[in-house]
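Reader: Please take one part of this model and go through it closely, giving the cut-off behind each term as you use it. I would like to follow how the elements are placed against one another.

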Amino acid sequence: VITVPARERDIDVGLQAIGTANANESVDITSKTTNMVTAIRFGDGEQVEAGQVLVELDRETVAADLAAATAAFEESRSQWNRSRELVATQALSRAQHEQLEATMKANQARVDAAQARLSDTYIRAPFAGRVGLRRVSLGALVTPGTPITTLDDTRTMKVDFAVPETQVGALA
């Protein structure tokens with residue numbers, strides 16, 4: 001019989017599990033509007049910065065709408081400025097002056113909306129990361145929800161795996 005004195009020591013208990021590594025942030029890049037692709041500014045698997053333009057859409061119609069809205073606003077602002085002098089001399093009623101002011105504010109809102117639509121012709125990266133495969137080509141008609149590419153922030157990864165209930169206590 002061989003005996004050994006009892007002593008305390010750490011036992012390394014290993015655990016093996018199969019898991020899936022996921023990016024910290026991951027999105028499908030799509031368009032807000034229906035439009036034609038005029039330029040693609042990224043390559044498959046490329047690292048991009050937050051706010052970087054990925055795709056450009058046709059701007060001609062939207063730019064024309066902005067020009068028309070700006071012209072209407074400038075005209076209404078000019079009429080409103082002239083009406084201020086006329087109200088002071090009582091050559092124009094207060095109600096007519098307020099109507100011109102309302103028209104001017106409505107035209108300003110149209111300008112703001114047209115500028116927003118114009119900015120939507122640039123599809124930008126919402127955060128820094130790596131783009132996936134390109135799913136559109138030049139001249140393609142994209143609609144809201146049409147996948148253009150994916151964007152993954154791989155600086156931080158999350159791992160999803162299953163552990164048997166009997167071994168959960170051993171995890172730290």
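Author: A crossing of two helices is left-handed if the near helix is turned anticlockwise from the far one by less than a right angle, and right-handed if clockwise. This is a predicted model, in which local features need pLDDT of at least 70 and side-chain atom pairs count only at pLDDT 80 or more, while totals for chains, interfaces and linings use all residues. Residues are numbered from 1 along each chain as its sequence is written, and side-chain values use heavy atoms, with hydrogens and water left out.

The crossing of α1 and α2 is left-handed. Helix α1 covers residues 60-88 and helix α2 residues 94-119, and their axes (lines fitted to C-alpha atoms over the stretch in contact, with angles from 0 to 180 degrees between N-to-C directions) come within 8 Å and cross at roughly 160°. That makes α1 roughly antiparallel to α2, a label for angles over 145 degrees. The residues of their contact divide into 13 nonpolar, 9 polar and 7 charged, where Ala, Val, Leu, Ile, Met, Phe, Trp, Tyr, Cys and Pro count as nonpolar, Asp, Glu, Lys and Arg as charged, and the others, Gly among them, as polar.

Turning to the strands, β2 (residues 35-40) is joined to β4 by 3 antiparallel bridges, and β2 also pairs with β7 in the antiparallel sense over 2 bridges; helices (H or I, at least four residues) and strands (E, at least two) are DSSP runs numbered from the N terminus, and two strands pair if DSSP finds at least two bridges between them.

On the β4 side, the bridge partner of Ala-39 is Glu-56, which is found in β4, residues 53-57. Glu-56 is buried, with a relative accessible area of 17% (buried is under 20%, exposed over 50%, partly exposed in between, with a 1.4 Å probe and protein chains only). Leaving aside its neighbours within four places in sequence, Glu-56 is in contact (heavy atoms within 4.5 Å) with Met-36, Val-37, Thr-38, Ala-39, Arg-41, Thr-121 and Tyr-122.

On the β7 side, Met-36 stands opposite Leu-141. Gly-139 lies in the loop between β6 and β7 (141-142) and is partly exposed, with a relative accessible area of 38%. Beyond its neighbours within four places in sequence, Gly-139 is in contact with Met-36 and Val-37; Gly-139 and Val-37 are 102 residues apart in sequence, yet 5.0 Å apart in space, C-alpha to C-alpha.

Conventions:
Parallel < 35°, antiparallel > 145°, perpendicular 65-115°, else oblique.
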